[in-house]
Amino acid sequence: MEKFTGKVWVLDDDIDTDIIIPTEYLALKTIDDMKQYGFSPLRPELAGQIQKGDIIVAGKNFGCGSSREQAPEIIKALGIQCVIAKSFARIFFRNSINNGLLLIEQPDLHDDIKEGDEVTVVMNEHVDYNGKQYPIASLPENLMSIIQAGGLVKAMRKLNGLD
Amino acid sequence: MGMTIAEKIIAAAAGVDSVKPGDIHTVKLDRLMSNDGTTHLTVDMYNNKLKNPHIADTSKLVFIVDHNVPSDSPKTAASQKKMRDFAKEHNIDFWEGKGVCHQVMIENYVRPGELIFGADSHTCSYGALGAFGTGVGCTDFLYGMVTGTSWVLVPESVKFNLTGKLPEGVYARDLILTIIGEIGANGCNYQAMEFTGEGAKTLSISDRMALCNMAVEAGAKTGIFEADEKAIEYLKEHGREPKAVYHSDPDAVYAREYTFDLSKVRPVVAKPDFVDNVVPAEEACGIEINEAFLGSCNNGRIEDLRVGAEIIKGKKVAEGVRFLVVPASQTIYRQALKEGLIDTFMEAGAIVMNPNCSVCWGSCQGVIGENEVLISTGTRNFKGRAGHPSSKVYLGSAATVTASAITGKIALASEV
């Protein structure tokens with residue numbers, strides 16, 4: 001069973017795409033140029049503090065707002081290995097899958113978690129935190145295959161024998 | 001088991017007799033729209049990430065430059081050039097400076113029964129004409145462009161039964177903010193909001209657009225109306241025929257049902273920083289503003305400009321306030337010119353702009369500074385959405401926005 005552990009950053013409800021990456025930085029040339037401004041309207045220091053392998057735990061409606069794909073791309077580029085939230089906004093969810101960013105819905109973890117603590121994700125089963133197991137559902141097969149391929153474009157190439 | 005309008009459109013696009021919520025289907029797309037917000041990214045992926053790429057059907061594609069018009073920087077100019085060149089090379093319908101993408105689409109393309117993907121979250125606007133429009137990212141757009149298809153998870157439908165008629169001085173904008181205030185910013189997450197009932201029939205196409213356009217602000221995959229006589233009449237006026245007209249079956253299953261009596265709706269305002277932070281407009285009255293914005297894909301139509309012009313006629317914009325008036329399309333702009341509305345706004349001291357997204361997305365005209373306050377007919381009021389992170393955005397109707405521009409404080413139209 002695939003599992004991984006990461007340090008947690010806690011965010012609240014309704015974290016919108018303008019928070020994840022403000023409009024003014026969308027004109028920058030690359031995601032690497034943009035990522036330093038991730039979450040800047042809310043927590044200007046956060047992008048610089050996130051380490052590779054960290055995990056975001058958030059409230060409901062994470063990623064609401066615009067369809068800008070730079071939002072999940074920046075989260076991935078910052079090194080976040082997955083986002084666990086009570087719920088995700090629809091377009092953000094789809095864009096994340098398409099960019100190979102793992103999202104996990106879990107209704108209770110956010111209420112119990114403390115920033116800086118570690119959680120262990122056991123894929124398609126549960127999240128371990130503080131001696132307690134928080135159950136998680138498995139993603140539909142077609143979505144999991146997109147994530148495993150590293151995103152929709154790579155899955156597309158694979159499907160068409162182009163890789 | 002019966003089906004809803006949304007389910008019938010998906011079933012037709014999937015080439016199956018019936019679908020149910022939770023099913024995942026491969027669907028054939030009727031149309032794809034992309035604007036200058038992200039098209040350059042799609043073009044880059046097409047050119048650099050695919051081997052031997054091709055476009056499934058160029059006649060289904062529409063590219064619209066509307067977010068930064070005219071371009072505001074060398075970077076924007078470069079990304080728009082990329083879009084322009086690609087459209088020319090591949091013979092893709094291309095619109096520049098003609099209006100906000102969703103208004104251009106409604107005026108020129110959208111037909112009842114179509115399944116449309118747009119690389120913009122407010123693509124749900126197209127439900128005003130009985131189409132299933134939904135927003136996607138640029139990778140989904142690329143996939144649709146190359147294959148002509150995509151995957152869809154069939155959403156549950158939520159029924160909004162509208163009764164009665166909106167009172168004088170109350171608008172569809174007040175209604176949709178009221179609905180979002182009640183059900184919450186994720187009240188219809190991954191669901192289709194179906195607007196129906198006798199009250200729905202009283203609403204104009206512009207009103208219906210205002211409702212469907214903001215369905216995404218309740219988390220919805222789309223908002224949709226049945227295409228009735230008003231919709232068919234609108235199509236005729238614009239030289240189009242429906243693809244198909246669907247009605248929800250009497251035994252269609254809904255996740256939930258709400259009833260809203262239009263006659264009880266009152267002017268409201270969404271306070272910062274959330275669209276569902278809705279209060280009666282009176283509760284926000286007196287808050288000083290620096291800027292007012294009348295425009296956007298939600299409220300920049302001729303009906304909205306008429307409302308604003310009627311209120312401001314013979315009056316002046318308050319000193320120290322910038323009042324931006326931005327018609328949603330050139331068609332609307334020219335109609336407003338004909339009716340003398342533009343003169344009325346200019347005489348009052350408003351700044352009338354060319355059709356584009358303007359301050360609604362905080363990257364173009366009228367971006368607001370530190371601690372400034374904007375009252376807007378735009379779609380969102382998130383933190384930093386219209387400019388500096390410390391700035392504040394309130395959302396209101398065309399009437400409330402215009403009244404506020406006159407008084408320099410958030411105000412009711414009945415008070416000016």
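This is a predicted model: local features need pLDDT of at least 70, side-chain atom pairs count only at pLDDT 80 or more; totals for chains, interfaces and linings use all residues.
**View 1. The open sheet of chain B.** Five strands form this sheet in the order β4-β3-β2-β5-β6, and their pairing is parallel. The edge strands of chain B are β4 (93–96) and β6 (132–135), each of which pairs on one side only. From one strand to the next, the twist averages 20°.

**View 2. Strands β2 and β5 of chain B.** Strand β2 (residues 31–35) and strand β5 (residues 115–118) of chain B run parallel and are joined by three bridges. Opposite B:Met33 stands B:Gly118, a residue of β5(B).

**View 3. Helix α3 of chain B on the sheet.** Helix α3 (residues 74–90) packs on the sheet and touches β2, β3 (61–65) and β4 of chain B. Between the direction of this helix and that of β3(B) the angle is about 150°.

**View 4. Strands β1 and β7 of chain B.** Five bridges pair β1(B) with strand β7 (residues 149–153) of chain B in the antiparallel sense. The bridge partner of B:Thr26 in β7(B) is B:Trp151.

**View 5. The two faces of strand β1 of chain B.** Side chains alternate along this strand, which spans residues 24–28. B:His25 and B:Val27 point to one face and are buried.

Methods. Residues are numbered from 1 along each chain as its sequence is written. Chains are lettered from A and ligands numbered from 1 in the order in which they are written. Side-chain values use heavy atoms; hydrogens and water are left out. Buried means under 20% relative accessible area, exposed over 50%, partly exposed in between (1.4 Å probe, protein chains only). Helices (H or I, at least four residues) and strands (E, at least two) are DSSP runs, numbered from the N terminus. Two strands pair if DSSP finds at least two bridges between them. Axes are lines fitted to C-alpha atoms, for helices over the stretch in contact, and angles run from 0 to 180 degrees between N-to-C directions. Contact means heavy atoms within 4.5 Å.
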